[in-house]
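Q: Please take a close look at one helix in this structure. Walk me through it step by step.

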Amino acid sequence: MSASAGAVPAPASRAYDVEAVRRQFPGLRVTVHDRPLVYLDSAASAQKPQVVIDAERDVYERYYSNIHRGVHQLSVLATTAYEKARGRVQRFLGAAEAREIVLLRGTTEAVNLVAQSWGRTNVGEGDEILITGLEHHSNIVPWQMLCEEKGAHLRVAPIDDAGVVDLAEFERLLGPRTRLVAVAHISNALGTINPVREMTALAHAAGAVVLIDGAQAAPHAAVDVQEIGCDFYAFSGHKVYGPSGVGALYGRAAVLEAMPPWQGGGDMIATVTFEKSTWAPIPSKFEAGTPSIAGAIGLGAALEWVEGIGLDAIAAHEGELLRYGTEILSAVPGLRLIGTAPRKAGVLSFVLDGIHPHDIGTILDYEGVAVRTGHHCAQPVMDRFGVPATARASLACFNTREDLDVLARGIRKVQEMFK
Amino acid sequence: MNELRELYQEVILDHSRKPRHFREMPEASHQADGHNPLCGDRVTVYLHLKGDVIEDVSFQGAGCSISTASASMMTDVLRGKTVAEAEALFERFHALVTSDPSHADENADAELGKLAVFAGVCEFPMRVKCASLSWHTMKAALEGAAAASTE
């Protein structure tokens, strides 16, 4: 994966043709302030390949209908395509069965579903939930809300100066009251890759259930939930070149089956009378209401496209760019990289002496360079490194060395202006 | 690049490098904390009123060049103003950074004086909150609120 900067990624057997990849992204052809776009903000959301755009349009032009409801032909076609997309997600995550895949709005909704359904059932007063110091707000706040409601405690395994979770401390914090461990697979603000398999094993040994936030991992690392061994795995479509507003929660069948429904409504019931309703089997039990039909089908197309290129090839390409970017940014005087874990995915978070990230972002924008600036929905990470915010360049399958050269030149211009 | 130069005028860069009245004011009669949750900018504005007149004003905090320069220049212009004048300036400043310059009222701009350098901000919708944070905080302080937020 992109990723194991420590280990040398498998050499791409065929050359990675980044120009061919780029040609598939119409969104990369725009100009920004009369400059060609250099899109380095895929960790926030990725651009979409033509096949994803086409797949969504195709739904609306040829076979749009609601799903799981009608007997008419369009409904059958739409339902079939929707369920095929679920199967794609299943294969993408290495899940044993399609019914273990709940299609939702994204990672945030998936985490909230687990917090509210599994959490409210299984977490009580004095229980503990363990997270790490590098989590995104969406893997902090739902647990805080649950702890507040139940009188439970949120524990945090700290990170070191490189942005690596202290595993010894993580293990020490696992105790008899730990009901759930929620960990990011890859940090959005730092790029750190967590050893999720090892962490899952430790958590299971302590009797805790494990949720992995895979929002940043899905586009960069081949995920196999059975190999990781986790109970839940959440990711968002829009970061893996799919549409926004759709994502998935993997849950082990036995765990999902034991959970109460989350939202009530259509499609999640078996029978309804005014006295009592009974629930549909998983995953429908967790899919009340009409979902993002075209979105899910677009997500299926995105995953198919990613698999066509190969996550290993993408990870090797991004890993090479990460090494190059780290090298040229490290050479900029006054620049400090935030997040220098040995096992890291394609994120270059940085600060410049005396210049606020917002100013960096505005000036880079005039060079056509799109980076994220701010706290990246990870305020505790910013606090840990003693910065209010960072500028973050994040890499995707379509980025090039030239993109990073433009970034580095742009940074020099920023420094020139604020000299 | 012109819009960028409009935004980062030398006066603004100067105030961001060397913010004026950047200090705590223990004797302040009014103060409030301002926070822009979107970007993490934080500012505390201190005012000392004698009767209806702002006798002293200062600020502390951390933010981008636009928010720092805006706070610094605000403290410059508010000194000696009445509360009513400060509130009127707030309204004009807000109009300046949020509106299209082609619709600007030249008389109002004249009253803004050197604050007019912030006219370039309206071309950058994402930066309006940076420029207005200290002003919202000042207004909150005058109104007796403990905190202001640009969200």
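A: What follows looks at one helix of chain A, then at a pair of helices. Keep in mind that this is a predicted model.

Start with helix H4 of chain A, residues 107-122.

Next, the surroundings. Twelve of the 16 residues of H4(A) are buried, so the rest of the structure largely encloses this helix. A residue counts as buried if 20 or more other C-beta atoms lie within 10 Å of its own. The buried residues include Thr107(A), Thr108(A), Glu109(A), Ala110(A) and Val111(A). Leu113(A), Trp118(A) and Gly119(A) are also among them.

What do these buried residues pack against? Their partners in chain A include helix H5 (141-150) and strand E4 (101-104). Strands E7 (178-184), E8 (209-213), E9 (232-236) and E10 (247-251) are partners too.

Now the helix pair, also in chain A. Helix H12 (residues 357-365) and helix H14 (residues 401-417) have axes that come within 9 Å and cross at roughly 120°. That angle makes H12(A) oblique to H14(A). The crossing is right-handed. From H12(A), the residues Ile360(A), Ile363(A) and Leu364(A) take part. They meet Gly410(A), Lys413(A), Val414(A) and Met417(A) of H14(A). By class, this contact has five nonpolar, one polar and one charged residues.

How values were computed: Residues are numbered from 1 along each chain as its sequence is written. Chains are lettered from A and ligands numbered from 1 in the order in which they are written. This is a predicted model: local features need pLDDT of at least 70, side-chain atom pairs count only at pLDDT 80 or more; totals for chains, interfaces and linings use all residues. Axes are lines fitted to C-alpha atoms, for helices over the stretch in contact, and angles run from 0 to 180 degrees between N-to-C directions. Helices (H or I, at least four residues) and strands (E, at least two) are DSSP runs, numbered from the N terminus. Angles under 35 degrees count as roughly parallel, over 145 as roughly antiparallel, 65 to 115 as roughly perpendicular and the rest as oblique. A crossing is left-handed if the near helix is turned anticlockwise from the far one by less than a right angle, and right-handed if clockwise. Two residues are in contact if their C-beta atoms, placed from the backbone, lie within 7 Å. Ala, Val, Leu, Ile, Met, Phe, Trp, Tyr, Cys and Pro count as nonpolar, Asp, Glu, Lys and Arg as charged, and the others, Gly among them, as polar. The expected span of a helix is 1.5 Å times one less than its number of residues.
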